Amino acid sequence: MLAKGPDAASLERFIAAAPLGQQAAMRALLALARRPRGAALLSLLSPLDQLPSGLLAMARYDDPDISRPLGWDAAAVIARGRRLRRAEGRP
Amino acid sequence: MSARLAQRLQAEVCVIGSGAGGAPVAAELAEGGVRVALLEEGAWHDPDHFTARSPEMLARLYREGGQTFTLGRPPIMLPLGRGIGGTTLINSGTCFRTPAHVLARWQREYGIEVSEDSLRPCFERVEEAISVDTVTPELAGGNAAVVRRGAERLRWSYGYLRRNARGCVGSGVCTLGCPTSAKQHTGITYIPRAQRAGAQILTGAQAKRVLIERGRAAGVLARLEGGATLEVRAPTVVVAAGTINTPLLLKRSGLAGRSGQLGRNLSLHPATAVFARMDEIVDMARGVPQSLYIDHFAEQGIMLEGSAGPPAYAALALPLTGARHAEAMRAFRQLAVFGLMVSDSSRGSVAALGSRPLIRYDMNAADLQRFRDGLVRMRELFSAAGAREIYLPLPAGVDPEMARRRDLKLMAFHPLGTARAHARPDQGVVDGSLAVHGLRGLYIADGSVLPSSLGVNPQLTIMALATRLALSLLEGDGSV
Ligand SMILES: Cc1cc2nc3c(=O)[nH]c(=O)nc-3n(C[C@H](O)[C@H](O)[C@H](O)COP(=O)(O)OP(=O)(O)OC[C@H]3O[C@@H](n4cnc5c(N)ncnc54)[C@H](O)[C@@H]3O)c2cc1C
Ligand code: SF4
């Protein structure tokens, strides 16, 4: 499900921010969640066990090509914020 | 920690942490003419580098990338901020004064002086400092409009939230770093004030040990980025490292353990979110994500509050998988979401596991029942609002009435209580004036001192108590 490219890299940075022991476990679970049969297995478990599927989905919908058609343009939000900060002299 | 001593600093007060507790103390004291050094483990996060992209901002602005969990039944995700502004940098900006019944309970059960009258001037002072104002219906956006409609049809009491924002344009990413610097977190309010008044603010400085000499605070040993050691000599130390890290620091220092309460009494105010698919376009990411509350069930310990975000947020939080997840996400513009928080009577603990916190928390039967009741209410709310489909955060086929602990998908944003205030030294870590029992010159001013769950968001309570501490130190009660 996770595309190669920028969103894969941002997910990797996200995982790398976790405590060391947790990173290995999360990578293993993410590998499982990437496979259709693994994902099906995880979906039978408790809500927290579904976190890897959720993280893959977060990375996927963080991709501007996917989020823009859904009405969300992060770059435009940031550009407007920057403009307003400058105009109003905020930090 | 490196044995290399890189720097030695002299101050009158050393403050540890720049969040809701530490920043107001530093600013008020510095403006009162006190020589302050503030140590913050994290960095100053430049808004020019905010991207509104979830994975990236979580990794940069949150402690452990926001991937801190409690161990227990059920495990709970517990995100915390790390950097100038602490958790206020990435919070939703909601501002509640401490409910009167909570203050009354603290006076009655913990013997601490926290009357509404005594705290009112501190609340007013904080609210002015961080520009607290009520959200307008226009800024609240479509998500709040859906929920408001449901609440009105059910005749439930609701209101627009008060927030610390100025010039907010409803860009919907408060928890990913406000791109307009509209949210008045402590990093852009109190910290610049402290700096202007001469306080030294050190980032990348992790307090390792509080120094005590002859029963009195003497300073702090910190580790700087790169491994060098900094010693701040100060006869007064205010610890404000937050509910999870304050007990770890004090335990490392061999302090404040006499009551047996340090690291215990952890309340979390656990939360979950319910999604619904509407017929109308909602665009949940437009508007203030946390803009409306429903307090109709507050007496039962159930508070409903807004929570929303961009597609990446929804994709992570939606309680669906596979094709159903994809189908719901295709209709993202029609999705509405609202949060449910439980004022918990369960209590957990924080201990050290190497340099990391081991956070234990098991939910008791009463809180589980509150979640069941709350989820039933949320279903009623979205049905009344006209939802086409409602997505409860439970495994398929589990009714809210029958939900077990392990069925719940929980997060918590308001950890409190691990160095609780109590008038009696055998029952609390600090007294009502936030002084650590049995030691001179050592104070705690963060969420860890609040002895119970508030039932509402805690930043204003923490800031008001921190302000009261600073003012009393300036008056000489605490002998700065
Ligand atoms: C996503 C989210 C949304 C929230 N929304 C709201 C809201 O809308 N309204 C509200 O009232 N509350 C909200 N909260 C909670 C609120 O922000 C916190 O309760 C509050 O900031 C806690 O204040 P504090 O001073 O105890 O700790 P923090 O604000 O967390 O500050 C502690 C600081 O100490 C630093 N630190 C820790 N250890 C050390 C050390 N050893 N040396 C040096 N520095 C150290 C940390 O890096 C941190 O910067 C939210 C929380 C989250 C996670
Ligand atoms: S809604 Fe947007 S502009 Fe308003 S405080 Fe939140 S992030 Fe800032």
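Helix axes here are lines fitted to C-alpha atoms over the stretch in contact, with angles running from 0 to 180 degrees between N-to-C directions. Keep that handy for the first exercise. One more thing before we start: this is a predicted model.

**Exercise 1. Work out how helices H5(B) and H10(B) are arranged, and which residues touch.**

Step 1: Find the helices. H5 covers residues 137-154 of chain B, and H10 covers residues 365-384 of chain B.

Step 2: Get the geometry. The angle between them is about 100°, and their axes are 7 Å apart.

Step 3: Values from 65 to 115 degrees count as roughly perpendicular, so H5(B) and H10(B) are roughly perpendicular to each other.

Step 4: List who touches whom. H5(B) brings Val146(B), Val147(B), Gly150(B), Ala151(B), Arg153(B) and Leu154(B), while H10(B) brings Glu380(B), Leu381(B), Phe382(B) and Ala384(B).

Step 5: Sort them by class. The contact has 7 nonpolar residues, 1 polar and 2 charged.

**Exercise 2. Describe how chain B meets chain A.**

Step 1: Count residues. On the chain B side 47 residues are in contact, and on the chain A side 37.

Step 2: Look at the area. About 3800 Å² is buried between the two chains, with carbon and sulfur atoms giving 66% of it.

Step 3: Pick out the top contributors in chain B. Arg53(B), Pro55(B) and Gln67(B) lose the most area to chain A, together 17% of what that side buries.

Step 4: Check the charges. There are 4 salt bridges between chain B and chain A. Arg53(B) turns up again here: it forms a salt bridge with Asp62(A), with the closest N and O atoms 3.1 Å apart.

Step 5: See what the predictor says about the complex. It gives an ipTM of 0.92 and a pTM of 0.97.

**Exercise 3. Find which parts of chain B the salt bridge between Glu231(B) and Arg8(B) links.**

Step 1: Check the distance. The closest N and O atoms of this pair are 3.2 Å apart.

Step 2: Glu231(B) sits in strand S10 (residues 229-233) and Arg8(B) in strand S1 (residues 5-10), so distant parts of the chain are linked, 223 residues apart.

Technical notes: Residues numbered from 1 in each chain as written. Chains lettered and ligands numbered in written order. Predicted model: local features only at pLDDT ≥ 70, side-chain atom pairs only at ≥ 80, totals over all residues. Heavy atoms only, no water. Helix = DSSP H or I, 4+ residues; strand = E, 2+ residues; numbered from the N terminus. Parallel < 35°, antiparallel > 145°, perpendicular 65-115°, else oblique. Contact = heavy atoms within 4.5 Å. Nonpolar A, V, L, I, M, F, W, Y, C, P; charged D, E, K, R; others polar. Buried area = accessible area lost by both parts, 1.4 Å probe. Salt bridge = Lys/Arg side-chain N within 4 Å of Asp/Glu carboxyl O.
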